[in-house]
Amino acid sequence: MGDSKRGFVPRGTNPQNKKRNGRCWTGTAGAGTVAEESTQIHTPRRGALPPAATNVGTVHVVGLETITDADWRQVIAGEPEPWGGVGESLRWRAKTHNLGVRDDAGKLVALAGVLLAEARVAGAPLQVAGIGGVIVTRVARGRGLARVMIERALQIAGELPAERAMLFCLPRNVPLYSKFGFQLIPEPVFVRQPSGMIEMPMRAMWNPLAHDAHWPAGRVELPDEPF
Ligand SMILES: CC(C)(COP(=O)(O)OP(=O)(O)OC[C@H]1O[C@@H](n2cnc3c(N)ncnc32)[C@H](O)[C@@H]1OP(=O)(O)O)[C@@H](O)C(=O)NCCC(=O)NCCS
């Protein structure tokens with residue numbers, strides 16, 4: 001599933017004093033680190049990130065400036081419709097912070113992305129850290145790689161000026177994301193597609209990044225494409 005290429009550079013500062021403990025994180029910069037501009041984001045966007053322990057050993061986590069079509073093809077590895085056909089039918093936004101796991105041969109085996117996005121709930125703007133594009137190559141599933149991607153994505157989300165993370169997923173993955181503190185957004189969510197605004201045909205979930213964050217009641221809209 002190639003993201004559409006529309007970029008979005010988060011600006012502003014992070015109300016870290018309201019953030020939940022453990023979400024603020026400083027990564028070790030690898031070669032080719034790209035400096036963040038006018039933000040307090042410490043996670044480098046490109047290069048080696050601290051390795052992660054999984055139930056099958058330590059894995060190499062990398063920041064990717066963008067996820068190319070070749071990267072997607074490498075991770076999807078010929079699997080037909082890993083997003084159940086629904087995900088493949090939609091247009092998605094490119095993320096600003098992209099993560100991957102490489103195997104010992106340097107091949108990408110997992111991906112995820114994060115971006116700062118504006119939602120509207122009952123007409124009021126709400127900044128969210130959107131997480132998406134989570135995939136583990138089929139032969140590497142069940143080894144904890146999605147856990148690595150989701151936990152790192154939440155660390156990055158915690159550095160963005162948003163008090164809530166948000167994502168879209170297939171119903172079969174709701175129990176997976178619940179393990180990481182995500183809760184279902186009960187209201188339908190409307191998103192932009194080339195055909196206009198549509199009701200999102202996937203589950204929407206959110207995760208508080210601040211102690212006192214709640215999800216406000218009301219119709220949810222993303223004025224842009226989903227993430
Ligand atoms: C969903 C997906 C990312 C999971 O990847 P994975 O590497 O197998 O997941 P992990 O091994 O890291 O699992 C992490 C934890 O979630 C659990 N888990 C994984 N998938 C689950 C599911 N569908 N429902 C419930 N729990 C799940 C695991 O048991 C594990 O639990 P534990 O840490 O308590 O033991 C992978 O199956 C995939 O890429 N699917 C196709 C694309 C997709 O659906 N992506 C998600 C888009 S929203």
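**Core, ligand shell and a proline in a predicted model**

Visitor: What makes you say that methionine 149 is in contact with other residues, and which ones?

Guide: In this predicted model, methionine 149 is in contact with Leu99, Ala110, Ala112 and Val134, leaving aside neighbours within four places in sequence. The word "contact" applies because the C-beta atoms of such a pair lie within 7 Å.

Visitor: Which residues of the largest nonpolar core touch the most other members?

Guide: Met149 is one of them, along with Ala110, Ala129, Leu145, Ala153, Ala157 and Ala165, in a core of 55 residues. Strand S4 (residues 108-121) gives this core its largest share, 10 residues.

Visitor: Why is proline 82 called partly exposed?

Guide: Proline 82 has 17 C-beta neighbours inside 10 Å. Buried would need 20 or more, and exposed 12 or fewer, so proline 82 counts as partly exposed.

Visitor: Where is proline 82 found, and what does it touch?

Guide: Proline 82 is in the loop between helix H1 (69-76) and strand S3 (97-102). Not counting residues up to four places away in sequence, proline 82 touches Ile76 and Ile135. Its C-alpha atom is separated by 8.8 Å from that of arginine 138, 56 residues apart along the chain.

Visitor: Which residues come nearest to the ligand?

Guide: Arg141, Ala146, Cys169, Pro175 and Leu176, out of 19 residues around the ligand. By class, this shell has 11 nonpolar, 3 polar and 5 charged residues. Strand S5 (124-136), helix H2 (145-159) and helix H3 (174-178) each supply at least two of the shell residues.

Key:
Residues are numbered from 1 along each chain as its sequence is written. This is a predicted model: local features need pLDDT of at least 70, side-chain atom pairs count only at pLDDT 80 or more; totals for chains, interfaces and linings use all residues. Helices (H or I, at least four residues) and strands (E, at least two) are DSSP runs, numbered from the N terminus. Two residues are in contact if their C-beta atoms, placed from the backbone, lie within 7 Å. A residue is near a molecule or strand if its C-beta atom, placed from the backbone, lies within 6 Å of it. Ala, Val, Leu, Ile, Met, Phe, Trp, Tyr, Cys and Pro count as nonpolar, Asp, Glu, Lys and Arg as charged, and the others, Gly among them, as polar. A nonpolar core is a set of buried Ala, Val, Leu, Ile, Met, Phe, Trp, Tyr and Cys residues joined through C-beta atoms within 7 Å.
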